[in-house]
Amino acid sequence: MSIRRRKHWGWGFEDQQPTPTQVRGSVAALGAQLGMALTDVEDPVALEAVELAPPRISAPSWLSDISACDVHARASHALGKSYSDVVRGFRGRFDHPPDFVVRPREESDVERVLEWCSAERVAAIPFGGGTSVVGGVSPDIGPDYNGVVSIDLGALDRVLEVDATSRAARIQAGALGPSLESQLGEDGLTLRHFPQSFEYSTLGGWIATRAAGHFATVWTHIEDLLESVRAITPAGVWESRRLPGSGAGVSPDRMLAGSEGILGLITEAWVRVQPRPSHRASTGVRFDSFSAGVECVRALSQSGLHPSNCRLLDAGEAGLTMAGDGSQAVLVLGFESTDHPVQDAMARALVICAAHGGAVSDGGEKPGADAVSSWRGAFLGAPYLRDVLVAVGVLGDTFETAITWERFPAFHERVIAATEEAVREVCGGEGRVFCRFTHVYPDGPAPYFTVLAPARRGEEVEQWSQIKRAASEAIIAGGGTITHHHAVGRDHRPWYDRQRPEPFAAALRGAKAAVDPAGIMNPGVLIDRLP
């Protein structure tokens with residue numbers, strides 16, 4: 001019986017990769033949609049042709065039944081899913097593969113592995129779904145270790161307990177989004193956390209990276225849904241008391257949220273769940289200018305209506321995703337509830353939109369529906385499309401940040417200008433930069449920028465690095481955060497080092513030294529360990 005495997009270099013499963021004939025057949029239509037001349041199509045390097053550096057260490061015999069060192073296991077755990085990762089994998093370049101992969105079946109396996117890694121000075125890289133777009137799971141650890149092991153939590157994937165009275169569930173950290181929702185669905189419940197990577201990312205990964213779901217307001221980051229987190233550290237078990245809230249000192253849960261594996265390996269969590277929503281309404285609203293849409297979204301975010309979806313797309317992004325014709329900005333607006341109808345909230349929101357010049361998009365019997373469905377389809381398909389873009393020679397990447405409302409206009413202008421200039425210098429005149437809001441708060445938005453440009457074969461990573469650097473410099477100089485929901489990893493380290501307060505960095509190094517004395521947990525991410 002054949003086993004369905006994830007692609008070793010890109011998004012999804014091996015059987016989801018379009019054939020070379022299918023990719024070539026899509027070039028004309030794709031080029032027209034992107035506004036670029038696409039001709040040359042390249043094929044990915046097959047797994048059979050991939051050559052990896054030999055392992056520096058081998059798994060001890062007592063780990064043999066839960067470890068693997070075959071080419072697919074090592075290659076598929078060598079990279080995340082950033083644009084540069086996908087390009088490298090597409091070309092068969094796996095410069096820093098783990099020496100082997102461990103797949104624990106229970107917590108005691110995790111404890112044994114971390115004990116062995118500490119004793120043997122072997123770096124341990126926690127691996128959930130491998131969807132990091134910032135170098136968070138790459139075993140690029142430098143020469144100070146005897147080896148590196150990737151710890152894949154995919155076997156710890158069960159909903160262990162449901163508390164229907166308090167609406168909470170205890171779930172293992174390796175549960176992928178669809179499996180988690182399917183298990184909760186047996187009780188009519190949902191976690192209501194749907195990041196774009198939902199299909200292939202895990203609960204533990206969401207917590208470790210402070211992931212945000214696609215709901216635009218109120219409970220959007222995963223820490224908003226946490227009751228308690230349990231992690232295994234080299235120094236012992238880290239588990240908080242399960243409570244609806246607490247003022248008892250620094251929160252153990254908040255400290256693990258965003259820790260990116262440097263303090264320990266998250267194994268399970270109690271999370272807040274709810275019944276599946278039974279009332280929904282959504283529509284698309286057009287604006288003649290992006291700035292008018294911005295002012296409308298600010299009013300919506302401060303109205304107390306709390307829409308579930310409030311995605312503002314600039315004209316270029318709307319045209320690209322076919323949510324509009326490319327001449328107007330589009331707001332994808334939605335409400336949902338588990339308890340009551342949402343038509344009144346939608347009606348009030350549309351009054352606010354009209355006051356700012358917004359008009360509901362045409363959509364037959366359900367005005368605005370076409371814009372919503374087109375955007376949703378493009379949103380869910382974007383990770384798959386990026387693999388195709390690499391094959392046809394298009395540099396496609398995204399970056400996100402957050403800023404307060406009063407600074408946004410100047411900030412937006414600065415980041416767009418810096419990124420567009422870098423694209424022109426690096427890629428020529430055909431490149432395009434778009435902006436949308438992924439999340440909005442009463443005090444500011446989370447802008448999300450998309451870059452599409454012609455790539456030079458063999459130089460894509462260098463081109464990406466220059467554009468990434470220019471955009472990141474503009475974000476930090478403008479007062480924004482280097483990341484809103486994609487985490488820090490290795491790619492954002494230079495700018496995160498400038499964003500965080502130095503006394504905090506010192507405190508974090510001290511905390512890491514206390515729970516990870518040998519410094520084996522995901523070296524190079526967030527901070528450098530104490531000497």
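Visitor: Let's start with Cys117. Which helix is Cys117 found in?

Guide: Helices here are DSSP runs of H or I with at least four residues, strands are runs of E with at least two, and both are numbered from the N terminus. Cys117 is found in helix α4, residues 107–120. Before we go on, this is a predicted model, where local features need pLDDT of at least 70 and side-chain atom pairs count only at pLDDT 80 or more, while totals for chains, interfaces and linings use all residues. Residues are numbered from 1 along each chain as its sequence is written, and side-chain values use heavy atoms, with hydrogens and water left out.

Visitor: Is Cys117 buried or exposed?

Guide: Buried means under 20% relative accessible area, exposed means over 50%, and partly exposed is in between, using a 1.4 Å probe and protein chains only. Cys117 has a relative accessible area of 0%, so it is buried.

Visitor: And which residues does Cys117 touch?

Guide: A contact means heavy atoms within 4.5 Å. Leaving aside residues up to four places away in sequence, Cys117 touches Val122, Ala124, Val149 and Ile520.

Visitor: Now helix packing. What is the angle between α3 and α13?

Guide: Axes are lines fitted to C-alpha atoms, for helices over the stretch in contact, and the angle between N-to-C directions runs from 0 to 180 degrees. Under 35 degrees counts as roughly parallel, over 145 as roughly antiparallel, 65 to 115 as roughly perpendicular, and the rest as oblique. Helix α3 (residues 83–90) packs on helix α13 (residues 460–477) at about 175°, with the axes 9 Å apart. That makes α3 roughly antiparallel to α13.

Visitor: Which residues of α3 and α13 meet?

Guide: From α3 you have Tyr83, Ser84, Val87 and Arg88, and they meet Glu460, Val461 and Trp464 in α13. To sort them, Ala, Val, Leu, Ile, Met, Phe, Trp, Tyr, Cys and Pro count as nonpolar, Asp, Glu, Lys and Arg as charged, and the others, Gly among them, as polar. This contact of α3 with α13 has four nonpolar residues, one polar and two charged.

Visitor: On to the rings. How many aromatic pairs are there?

Guide: Rings of Phe, Tyr and Trp (its six-membered ring) pair if their centres lie within 6.5 Å; planes under 30 degrees apart are stacked, over 60 edge-to-face, and the rest tilted. The count comes to eleven aromatic pairs. Take Trp405 and Phe437: their ring centres are 6.0 Å apart and their planes at 70°, so the pair is edge-to-face. Trp405 lies in the loop between β16 and α12 and Phe437 in strand β17, so the pair ties together parts that are 32 residues apart in sequence. Both Trp405 and Phe437 are buried. Phe408 also forms an edge-to-face pair with Phe437, at 5.2 Å centre to centre and 80° between planes. Phe290, Trp405, Phe408 and Phe437 form one aromatic cluster.

Visitor: Where does the charged end of Arg242 sit?

Guide: A charge sits over a ring if NZ of Lys or CZ of Arg is within 6 Å of the ring centre and within 35 degrees of the ring normal. Arg242 has its charged end over the ring of Trp270, 3.9 Å from the centre. Arg121 lies over the face of Tyr145, at 4.7 Å from the ring centre.
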